[in-house]
Amino acid sequence: MELIRLTKVRKTYKTGVTAIQDLNLSIKKGQFVFIIGSTGCGKSTLIKMLYREEKPTAGQIIVGGIDVGKLRNGKVYKIRRKIGVVFQDFKLLPKSTVYENVAFALEIFGLPKDEIHSKVIKALELVGLKSKIKNYPAQLSGGEQQRVAIARAIVNGPKLLICDEPTGNLDKNTGMEIMRVLEEINKLGTTIIMVTHDIDIVKKLQKRVIVLDSGRVVKDYAEGTYNK
Amino acid sequence: MKTLRIIGRNIRDAFKGVFRNFSLSFASISCITITLIVVAISIILSDNVNNFTKLVEKDVTIVAFIDNDASKEKIDEIKDEISSIDNVEKYEFKSKQDITSEMRDSSEVFDSIMKNWNDEESPIQNTYQIKVTDIKEIDGVANKVKKIDGITLVKYGEGTIDSLISTFEFVHKLCLGAVVALILVTAFLISNTIKITISSRQREIGIMRLIGASNLNIRIPFIIEGLILGLLGSIIPVILTIYGYTSLYNHFNGQLFSPFIKLIKPVPFVYETSLILVIIGILVGMFGSWRAVRKHLKI
């Protein structure tokens, strides 16, 4: 079943730079997709449009049945609640504990305390950080901080997890640990789209790989076929 | 239940926001405190001056002295003429006998001098005591009374009253103007201070947006935070108003310079003023936050 469909999408920034052009793409539920390409090829613009940080200039983007491009600023939260996003720089609240950082995403929706607690603990268990719930981000390693960010992204049970170079700031081993966590989440049914520069990871995991160049899809490798 | 939980979370987050960013919160609180102290002084001054004006207005009486040779009919005629003058609120006839006995009652010296006077010898005159509806019209009324046949003299503290009233009115207006100006300036200052607070928390707002917080979800804790800052900022001004004004009142025995100028009684005045200060503090804090956070919601 299709989760994401992009039809003839174009994105031109106010500066006149066209980051994405005439892009068609379909991603099914439960897939794990890597998006790769050289710097400036439009990877980040593409995923920013998926969670509606950017609006397409032309074309249509449907995510989970919502026409993302047509969402007004005040309604953006509707799509964000269905998507988890993980960044290279983690984006954690430095003055909140691990537990608070993850619970934050649920508290906004007014869930009962017990429910929040059990969901937060479950998410932290999944990323292997249950023992550090009282720590502050500064007391954690880079890999641990990224795992907190992943826990926060999945705690709400999103259908889609978007990862923007989640291993970019981490060493190889830690990066692989993060990938194991992401694979685990994928196995539980969450669709994952991950932008990365790390070809080793892409080769190792053998998932679907979309290669972008100058804002266009130049290659689309099915699962198990990428072997650069 | 869900709404209650959201409200509870917002209040808790707002308190967290105040204390986790304490240095900036302290700047906002200090800003509100200082301004509210000045606002409190202005309100106290303005209301007291207004009170003085009312007291003066209430006390000011035109005394029209009637010729001692005037007959009873003539006195009635004078009464009719006074009643036909515009801006006369009320008038009262006081006979020389009434005035004499009042004076004798008020002082032993007067009593010993006046007790031997008979009606023929007494220099005291019959009078009409006239109150005006509008103190500004007192000159006009006095002039008209002066022209009535049978009136020998009209007295009302002319000149002094006029300048006193106009001085009071000027001070009252000045204070009110200062209060309004101060409120506007504080709202602007608070808005800027909170803007700095919020700028330093732009990351937090960005993350909230990212995980699906609606604009209202984001804005409400900040607005409550503004409310808390306003509330905390009004504590010292309220204490100063309640204890400061009460001790000032007691120090001056409730009157300033003369029994003529009475201060407003502390209760309920200090509580009313405190309530106004708290409301100003809260509104200014909330408005400042609302204005500041608006800018950051277009992510």
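**Exercise 1. State how many helices and strands chain A has.**

Solution. Helices are DSSP runs of H or I with at least four residues, strands are runs of E with at least two, and both are numbered from the N terminus. By this rule chain A has seven helices and 10 strands. The model is predicted: local features need pLDDT of at least 70, side-chain atom pairs count only at pLDDT 80 or more, and totals for chains, interfaces and linings use all residues. Residues are numbered from 1 along each chain as its sequence is written, and chains are lettered from A and ligands numbered from 1 in the order in which they are written.

**Exercise 2. Determine how H1(B) lies relative to H9(B).**

Solution. Helix H1 (residues 2-20) of chain B packs against helix H9 (residues 215-233) of chain B at an angle of about 60 degrees, and their axes are 8 Å apart. Axes are lines fitted to C-alpha atoms, for helices over the stretch in contact, and angles run from 0 to 180 degrees between N-to-C directions. Angles under 35 degrees count as roughly parallel, over 145 as roughly antiparallel, 65 to 115 as roughly perpendicular and the rest as oblique. H1(B) is therefore oblique to H9(B).

**Exercise 3. Describe the side of chain A that touches chain B.**

Solution. Two residues are in contact if their C-beta atoms, placed from the backbone, lie within 7 Å. On this basis 16 residues of chain A are in contact with 15 residues of chain B. Helix H2 (77-80) and helix H3 (98-107) of chain A are the elements that give two or more residues to this side of chain A. H3(A) supplies the largest share, three residues.
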